[in-house]
Amino acid sequence: VRSAPRRRRRRAQEDTERLLSAIAWALIAVGADGRVARWSAVAEQTFALAADDALGRPFRALPIHWDWAAVDGAIARCRAAAAPVRLDDVPYRRADGGEGLLGVSVHPIRGGRPGGVLILGADVTDRRALERQLALAQRLESLGQLAAGVAHEMNTPIQFVCDNVRFLQEAHAELSRLLAAYRALLGDPAVTVPEDRRGALAAAEETMELAYLLEEAPRAAAQSLEGLERVAAIVRALRHLAHPDHGAMVPVDLNQAVLTTLVMARNEIKRVAEVETDLAELPPVTGHPGALKHALLNLVVNAAHAVGDRLAATGARGRIGIRSRTVGDHVELAISDTGTGIPEAIRHRVFDPFFTTKPVGRGTGQGLAIARSVVVERHGGTLSFESEEGRGTTFYLRLPVARPAAGGQRDGS
Ligand SMILES: Nc1ncnc2c1ncn2[C@@H]1O[C@H](COP(=O)(O)OP(=O)(O)OP(=O)(O)O)[C@@H](O)[C@H]1O
Ligand SMILES: [Mg+2]
């Protein structure tokens, strides 16, 4: 009879333990003496530190790699105010060795000796990365809209400036021919022109540097047209890329997509590599042109980064090759680079969202994840690669060839 309350108490305690272990947060209790009184299973996983190695030890002496200054400050503030204190993004080293972020809150433990605190921590790395990605996507979307608007506005003036320069070029050519005829006439000894008039004409030709004008004007026009063509290509590419593909799939010329992408990536590429294209005639594939170009652009930018890194290390300029061909009922694009190569140890992770070896600002680790989702999930294709460290990498993008619908129209294809 007497053991019933004790049994009840024990059961209550077990219940509490079970409840606590169900909390998905790392839960750490630190006593007034600064020693660890509780170290939950999630804390074990989060900090890669077993409860046996933490319990009873001074909290401050634990081998946790995080921003101790921030945590110490929070504990001090919590004790002083006897109120909870929250820390939003505390940098820490994750169990897998990577850098992570923790959301931490410190709560005073009431009752008992004052000074005890309960620390709760949850890994928010992925959430933060997602938020950043979302913010980036939103920024890119509004930038895309802006770019599309600007491109649209530029399209018309560029067109008529091009036309006008071409017109001036032709007019100049014809006027030159006419001028040559007049000069031939003047040079004819049978034609009599007073000497002083002849001299005045020669002086005028000299003042206006006629010979130079005749030679240079066509060159200036040709050069202008070349520059305008370049601007027009960029504008075209911007308009292509900015078009969202919410609609139905359409026939896509992959070679054209390659050329557009190269214009977009020109800036990334030109300092680090030569580009070689080897584009075979291809049957069209059905797809979302904008998404496919986005995927391609990610592959090309990766290649440019890889040759850039190699260039920085060895001083050797790189080569980026893009080859297209038909393989059975697929078309294949091979994007090769003579860059750093992908180390064996990370090959299985490169398609993971957020996996990146690049510093903040240069990469978010989304490129290949997006490319894969576009190619594999949205187009039923495949994306694979071969790589040799120190020599380079080739990505193979394969898409099924558009088949003429057998037995009448099929809906939505
Ligand atoms: N052609 C390549 N050569 C060498 N390494 C590559 C190549 N392509 C991808 N990688 C490796 O794979 C990682 C993941 O690539 P991914 O394109 O997904 O992300 P990222 O380039 O780092 O960032 P983001 O594309 O989002 O700007 C890169 O950080 C890099 O280490
Ligand atoms: Mg990338």
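Reader: Which residue just after α4 takes a positive phi?
Author: A82 does, with a phi of about 50°. Helices (H or I, at least four residues) and strands (E, at least two) are DSSP runs numbered from the N terminus. Please note that this is a predicted model, in which local features need pLDDT of at least 70, side-chain atom pairs count only at pLDDT 80 or more, and totals for chains, interfaces and linings use all residues. Residues are numbered from 1 along each chain as its sequence is written, and side-chain values use heavy atoms, without hydrogens and water.

Reader: Which residues of α4 are buried?
Author: W68, V71, A74, I75 and C78 are buried, where buried means under 20% relative accessible area, exposed over 50% and partly exposed in between (1.4 Å probe, protein chains only). Seen down the axis of α4, these buried residues fall within an arc of 130°, so they line one face of the helix. The arc is that of the directions from the helix axis to the C-beta atoms.

Reader: Why would residues three or four places apart point the same way?
Author: An α-helix has 3.6 residues a turn, so such residues point the same way.

Reader: And what is exposed on the other side of α4?
Author: A69, A80 and A81 are exposed there. The cover over the buried residues of α4 includes β3 (85–93), β4 (99–108) and β5 (117–123).

Reader: Changing topic, is A43 buried or exposed?
Author: A43, which is found in helix α2 (residues 41–47), is buried, with a relative accessible area of 0%.

Reader: What does A43 touch?
Author: Leaving aside residues up to four places away in sequence, A43 touches A26, L27, I28, A48 and L49; contact means heavy atoms within 4.5 Å.

Definitions and conventions
Chains are lettered from A and ligands numbered from 1 in the order in which they are written.
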